[in-house]
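Dear colleague,

I am passing the structure below on to you, and my notes on it follow directly after it. Please read them with the coordinates open.

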Amino acid sequence: MTFEKDLRAAITGRVLVPGDAGFDAARTPWNVAIDQRVRAVVDVADAADVAAAVRCAGLAGLAVTTQTTGHGAAGDVDGVVLLRTAALDGVEVLPQERIARVGAGVRWGAVLAAASPHGLTGLAGSSPGVGVVGYTLGGGLSWFSRRYGLAADAVRSFDVVTADGATARVSAESDAELFWALRGGGGDLAVVTAVEFELKPAPQLYGGRMMWPADRAAELLDVYRTVTASAPDELTVWLDLLDFSAFGGAPAVAVDVTHLGSAAEGAALLKPFDEVAGRTADGRRMLPVAELGSICAEPLDPSPGRSRTELLGELDDAAAAALLDRPIAPLLSVQLRQLGGALGRPAPDGGATGGFTEQHLVYMFGIPTAPDVAAAIGERQSELAAALRPVTTGRKPFTMLAPGERAAAAFPGAALARLRDVKRARDPHGVLRSNFPVLA
Ligand SMILES: Cc1cc2nc3c(=O)[nH]c(=O)nc-3n(C[C@H](O)[C@H](O)[C@H](O)COP(=O)(O)OP(=O)(O)OC[C@H]3O[C@@H](n4cnc5c(N)ncnc54)[C@H](O)[C@@H]3O)c2cc1C
């Protein structure tokens with residue numbers, strides 16, 4: 001009891017422990033399929049609360065894990081103290097300097113809304129509901145990464161609380177090793193309370209979703225391969241095999257695109273898709289950056305999900321055939337994302353993620369509505385991954401690791417060894433716990 005008493009005395013925000021009203025809701029992450037049996041939930045009021053919670057946990061021999069939203073929850077947090085950062089919600093955009101400073105509770109939607117009127121963007125991914133800090137600590141694969149690289153590599157500085165409960169501003173100048181590790185190594189090395197990063201020019205954005213019936217999948221995959229093989233870095237194309245039949249919908253194929261440029265240029269680059277007959281919807285238009293999330297329209301409310309991601313060195317005929325071999329059910333979607341461009345040219349002073357030599361990723365997603373459905377989803381993911389094995393590299397983007405996978409899969413060997421050295425030096429007693437710990 002003394003830990004809980006000390007914690008409540010030290011914290012300005014809200015502390016909930018098992019038995020308290022609201023504890024179950026507070027411990028539930030955005031991905032509601034993940035059960036988090038934590039020791040306590042602390043809704044921090046400010047950075048001082050973060051420092052106090054880290055110190056209390058350290059003194060009690062407990063670990064702390066931090067979540068902005070719980071989109072990346074992986075379980076395995078029994079007995080851990082969960083810090084929630086929603087109250088750290090400041091967003092400051094400096095258009096002249098092309099910089100944003102945001103608190104650790106901010107989601108991408110708020111940054112895009114603030115940057116959009118200035119013709120600027122942050123390096124957001126598909127969902128405006130994802131937390132900026134959790135995404136950025138894992139590298140952050142953006143719609144615009146082919147043009148501008150990873151979100152992590154746009155960071156100027158992090159405000160952090162270290163494992164001993166001290167506060168610091170970490171930049172290339174102040175602490176190059178921790179700054180390198182935080183840019184891709186996840187939440188194992190410090191609790192971030194705020195981040196400052198570069199905004200990128202996006203004066204014109206053309207994009208949207210096109211839809212076809214499922215029987216066009218083979219033709220569309222051919223076109224996807226052709227268009228992505230010669231696309232400029234300003235163009236990014238994703239292709240989704242969709243199957244909503246379990247929810248009353250028909251199987252379909254979606255092609256999602258963004259083009260940092262005019263509608264005329266974008267439409268010309270995408271012209272081969274116009275040749276595929278039977279298109280049932282075409283949502284392409286000039287898009288304010290603030291509406292980036294409308295392209296995939298992923299759910300914002302907490303949802304259950306089970307995903308698996310593989311990186312593909314290339315997408316050859318055999319891999320394309322494997323993707324289309326049979327219906328994707330019980331998966332809801334099998335999404336191909338085009339990589340390449342700046343992702344293959346990381347700056348020498350970039351962070352722990354480094355570059356990606358892979359040209360595509362495949363994200364296999366299902367909704368585990370019951371234990372047998374969850375098992376069937378896992379089996380279908382494994383089967384598809386096995387069929388794609390000749391072209392998969394075995395590496396995974398850190399942000400897309402799934403429960404049961406290990407951080408080691410996200411890094412080339414030298415980067416992993418360096419991250420582990422940073423972890424041992426900066427958190428020798430294991431007070432900080434990432435969703436994917438680097439030493440596991
Ligand atoms: C619908 C959806 C769309 C997605 N789209 C993309 C995409 O386009 N590109 C991409 O790269 N990823 C994408 N992801 C993956 C997403 O980036 C990761 O799940 C990411 O971890 C989410 O960050 P979060 O803060 O919202 O989640 P959380 O679960 O809150 O955080 C994830 C982890 O980040 C760390 N962390 C979070 N906040 C802090 C903090 N303040 N200090 C220290 N550590 C912290 C912790 O280790 C935590 O376990 C998507 C996920 C979903 C569910």
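I begin with the ligand: one of its nitrogen atoms lies 2.9 Å from a backbone N or O atom of V192, a polar contact in the sense of a pair of N or O atoms within 3.5 Å. The protein covers 94% of the 950 Å² of accessible area that the ligand has on its own, areas here coming from the Shrake-Rupley method with a 1.4 Å probe. Two or more residues of the shell around the ligand come from each of β3 (64–67), α5 (132–137) and β10 (191–198), and α5 gives the most, with 4 residues. Helices (H or I, at least four residues) and strands (E, at least two) are DSSP runs, numbered from the N terminus.

As to how far these values can be taken, this is a predicted model, in which local features need pLDDT of at least 70 and side-chain atom pairs count only at pLDDT 80 or more, whereas totals for chains, interfaces and linings use all residues. Residues are numbered from 1 along each chain as its sequence is written, and side-chain values use heavy atoms, with hydrogens and water left out.

Of the 31 residues around the ligand, T68, T69, G70, G131 and T399 come nearest, where a residue counts as near if one of its heavy atoms lies within 4 Å.

Turning to the strands, β19 (residues 360–366) is mostly covered, with 6 of its 7 residues buried, that is, under 20% relative accessible area (1.4 Å probe, protein chains only). Strand β17 (residues 306–312) pairs with β19 in the antiparallel sense over 7 bridges, and L311 has L361 as its bridge partner there. Strand β18 (residues 333–338) also runs antiparallel to β19, joined to it by 6 bridges, with L336 standing opposite V362. Pairing requires that DSSP finds at least two bridges between the two strands.

Finally, the count of disulfides comes to 0, a disulfide being a pair of cysteine sulfur atoms within 2.5 Å. Among the cysteines, C56 is buried at a relative accessible area of 13%, and C296 is buried at 9%.

With best regards

Definitions and conventions. Buried < 20%, exposed > 50% of the residue type's maximum accessible area, 1.4 Å probe, protein only. Polar contact = N/O pair within 3.5 Å; in protein donor to acceptor, adjacent residues only side chain to side chain.
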